[in-house]
Amino acid sequence: MDAIIYTSNTGYTQQYARLLGEATGLPVHPLSDAAASVKPGAEIIYLGWLMAGSVKGYQKAARRYHIRAVCCVGMAEGNSQEAGIRKRYHILEIPVFVLQGGFDITKLHGIYRFMMNTMVKTVGKALAKKPDKTQEEADMLDMMYHGGNRVSMENLEPILQWWKEGKQ
C-alpha cells in the first residue's frame, strides 16, 4: 500500500484520513494534490464524502490509482449504504467501509448548502414527528438540528482490522 488519498468538503473525511494515516504510517494526500506525490497506479486507500449515494472523487481516483479499499464518510452510522455504493461504482472485490462523519451546515456552500437545508427541513421535520425513533434516527435528528462531529478512532476499527490482516 502506497498512500491514503481523500476528498473532503467540510473536514470530516480529512479528519478520518489523518487518523488512518497516523494508525497505518501511510502518507495522506488530498486528491487535488496527490498527483504531485503519488505515482499513477499506486495502491491506495481512498476516502470520499457521501452525497446522495455518490462518493465524491471516487471515479477520478479510480482512473489514476489502484484502489484497495474505499471509505465513505456521511452523516449516518452503519453500512446501510454499502450495497448501493458497490452497485453504483461496480465495486466487487475490495472492501467498502461507511463511516459516520458529522454535519455543520455553516461549512457548506452553494448548492450543497441549499440541498442540505432542504433535507433538514423535509427529512428532519418528518423524523421529528416520528414517535418511535431508533437511537440512530434520534442521533441523526440531533445532528441535523444542532450539528455534530462523530469522527473517532473507534469508527476506524474495521478498516484497521482489514489493514492488519492484509499485512500478515
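Okay, let's start at His-90, which sits in the loop between helix 4 (82–89) and strand 6 (96–100); helices here are DSSP runs of H or I with at least four residues, strands are runs of E with at least two, and both are numbered from the N terminus. Quick note: this is a predicted model, where local features need pLDDT of at least 70, side-chain atom pairs count only at pLDDT 80 or more, and totals for chains, interfaces and linings use all residues. Residues are numbered from 1 along each chain as its sequence is written, and side-chain values use heavy atoms, with hydrogens and water left out.

Back to His-90: its phi is positive, about 55 degrees, although it is not a glycine. With a relative accessible area of 67%, His-90 is exposed (exposed is over 50%, buried under 20%, partly exposed in between, with a 1.4 Å probe and protein chains only).

Ala-52 isn't a glycine either, and has a positive phi of about 50 degrees. You'll find Ala-52 in the loop between strand 3 (43–51) and strand 4 (54–55), and at 68% relative accessibility it counts as exposed.

Leaving out residues up to four places away in sequence, Thr-24 touches Ile-4, Leu-160 and Trp-163, where contact means heavy atoms within 4.5 Å.

Last stop, a helix pair. Helix 5 (residues 110–129) meets helix 6 (residues 135–146) through residues including Met-119 and Val-123 on the helix 5 side, and Met-140 and Leu-141 on the helix 6 side.

Technical notes
Axes fitted to C-alpha atoms, helices over the stretch in contact; angles between N-to-C directions.
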